[in-house]
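Subject: Structure handover

Hello,

Here is the structure I promised to pass on. Please open it first, then read my notes below.

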Amino acid sequence: QVRLVESGGGLVQAGGSLRLSCAASGSIFSINRMGWYRQPPGKQRELVALISSGSSTNYTDSVKGRFTISRDNAKNTVYLQMNSLIPEDTAVYYCNADVRSRSYPWGRDYWGQGTQVTVSS
């Protein structure tokens, strides 16, 4: 069984920074794409950033230049460094990963439980 566990959320003032981490554990062969999504209050979940196994990255326009996604393949961990935070970044942030494991050698999507990020004005 593969698990994704997020950490690093919290309350921060506008202009501040937070760093989210998401560690994958279990019988993992390899991890393809990893990413961060968020769900603002009363809205649908949206993509924030993606990183490929080769560390190519993509960002939604609203976070470009402020957020940085990275990964440590040796630790099966993905990070999201969030700088210059604004109140509109307030959301539950979810980690996502396409994982090849003993049970699913062809790959399967997994989600973390979510971590709350609140930016006060």
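In which sense do strand 9 and strand 11 pair, and over how many bridges? They pair in the antiparallel sense, over 3 bridges. One caution before the rest: this is a predicted model.

Strand 11 covers residues 115–120. Within it, Val12 stands opposite Val119. In general, the strands of a sheet pair through backbone hydrogen bonds, in either a parallel or an antiparallel way.

Strand 11 has two faces. Thr115, Val117 and Val119 make up the covered one. Gln116, Thr118 and Ser120 make up the uncovered one.

Next, an open sheet of 4 strands, in the order 1-3-8-7. Its pairing is antiparallel. Strand 1 (3–7) and strand 7 (67–72) stand at the edges. Each has a single partner strand, so one side of each has no neighbour in the sheet. On average, neighbouring strands here are turned by 15 degrees against each other, with direction ignored.

Strand 1 is joined to strand 3 (residues 18–25) by 5 bridges. Val5 stands opposite Ala23 of strand 3.

**The disulfide**

A search of the whole structure turns up 1 disulfide. It joins Cys22 to Cys95, with an S to S distance of 2.1 Å. Cys22 is in strand 3 and Cys95 in strand 9, so the pair ties together parts that are 73 residues apart in sequence. Both cysteines are buried. Which hand does the disulfide of Cys22 and Cys95 have? The torsion about its S-S bond is about -80 degrees, so the disulfide is left-handed.

Ser101 lies in strand 9, which spans residues 91–101. Is Ser101 buried or exposed? With a relative accessible area of 3%, Ser101 falls under the 20% cut-off, so it counts as buried. Beyond its neighbours within four places in sequence, Ser101 is in contact with Val2, Ser27, Ile28, Phe29 and Tyr110.

Pro105 sits in the loop between strand 9 and strand 10 (108–111). Its relative accessibility is 41%, so Pro105 counts as partly exposed. Leaving out residues up to four places away in sequence, Pro105 touches Phe29 and Arg100. Phe29 is also among the contacts of Ser101. The C-alpha atoms of Pro105 and Ser30 are 9.0 Å apart, while the two residues are 75 residues apart along the chain.

**Rings and charges**

The whole structure holds 2 aromatic pairs. One of them is Tyr104 with Trp106: the ring centres are 5.7 Å apart and the planes stand at 85 degrees, so the pair is edge-to-face. Tyr104 is partly exposed, at 29% relative accessibility. Trp106 is exposed, at 64%.

Two arginines sit over rings. Arg19 lies over the face of Tyr79, at 4.1 Å from the ring centre. The charged end of Arg45 is placed over the ring of Trp111, 4.7 Å from its centre.

Over to you.

Best wishes

Conventions:
Residues are numbered from 1 along each chain as its sequence is written. This is a predicted model: local features need pLDDT of at least 70, side-chain atom pairs count only at pLDDT 80 or more; totals for chains, interfaces and linings use all residues. Side-chain values use heavy atoms; hydrogens and water are left out. Buried means under 20% relative accessible area, exposed over 50%, partly exposed in between (1.4 Å probe, protein chains only). Contact means heavy atoms within 4.5 Å. Rings of Phe, Tyr and Trp (its six-membered ring) pair if their centres lie within 6.5 Å; planes under 30 degrees apart count as stacked, over 60 as edge-to-face and the rest as tilted. A charge sits over a ring if NZ of Lys or CZ of Arg is within 6 Å of the ring centre and within 35 degrees of the ring normal. Two strands pair if DSSP finds at least two bridges between them. Axes are lines fitted to C-alpha atoms, for helices over the stretch in contact, and angles run from 0 to 180 degrees between N-to-C directions. A disulfide is a pair of cysteine sulfur atoms within 2.5 Å.
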